[in-house]
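Dear colleague,

Please keep it open while you read.

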Amino acid sequence: MRINYGDKEITNGTGLRASAVLNAPHVEIEGHDQTKLYTLVMVDPDAPSPSKPEYREYLHWLVTDIPEARDIRSGNEIVPYESPRPPAGIHRIVFVLFKQQARQTVYAPGWRQNFNIRDFSAIYNLGAPVAALYFNCQKESGVGGRRRGVFFPKLLQAISKLCSWDQAEEQIQRNIDIKAVPFTIQKLIHNTVETCEMLVDS
């Protein structure tokens, strides 16, 4: 799966302002068999704020019947795209892709807040996700909250694959003196692992 907002390709942890995501992104499902179909879900697990995510998971977009090797415009938009507009902090905006068993009727939920990807997958027999990506989004004047991993990039990349804070802590201790790391960076490492765990559990 490849996702682009304009000429900006999304990778895990990419930082984007709200003004850069006003329009739906270009999404392409890589492959060669157009008979295979996919469902894409886009949610915000940090709504309305990372410190108090009462609306987790807020549904921003839901598209089904996306053919492999085609872009998302070939799919069936169940819930129209709503651009992220974080009122506070830095929000993780998560894209989760499922492979469908066949075409089926999917109903739009009555509201966007408190959507649950795991329940949705169970209801429509989608199984586990086949791909997931997330980016960090904040309003134009936003400060604070989660920050992109600009320090220790190689270490963070290794940690993000572990999907366990206990394993991550062990990895950190083998590479650096954790007591010498500023608290803000320790928190950054923890948030990286937390995001990875959420994607795996979805």
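Which side chain meets that of R103 in a salt bridge? The partner is D65, at 3.6 Å from N to O, where a salt bridge is a side-chain nitrogen of Lys or Arg within 4 Å of a carboxyl oxygen of Asp or Glu. R103 lies in the loop between strand 8 (91–99) and helix 1 (117–123), and D65 in strand 6 (residues 58–67), so the pair ties together parts that are 38 residues apart in sequence. R103 is exposed, at a relative accessible area of 60%, whereas D65 is buried, at 9%.

This is a predicted model, in which local features need pLDDT of at least 70 and side-chain atom pairs count only at pLDDT 80 or more, while totals for chains, interfaces and linings use all residues. Residues are numbered from 1 along each chain as its sequence is written, and side-chain values use heavy atoms, with hydrogens and water left out.

On the terms: buried means under 20% relative accessible area and exposed over 50%, with partly exposed in between (1.4 Å probe, protein chains only); helices (H or I, at least four residues) and strands (E, at least two) are DSSP runs, numbered from the N terminus.

The structure holds 7 salt bridges in total. Among them, E82 pairs with R85 at 3.9 Å, N to O, and R85 is exposed at 57% relative accessibility. E82 also forms a salt bridge with R112, whose closest N and O atoms are 3.1 Å apart. Through these shared partners, E82, R85 and R112 join into one network.

Best wishes
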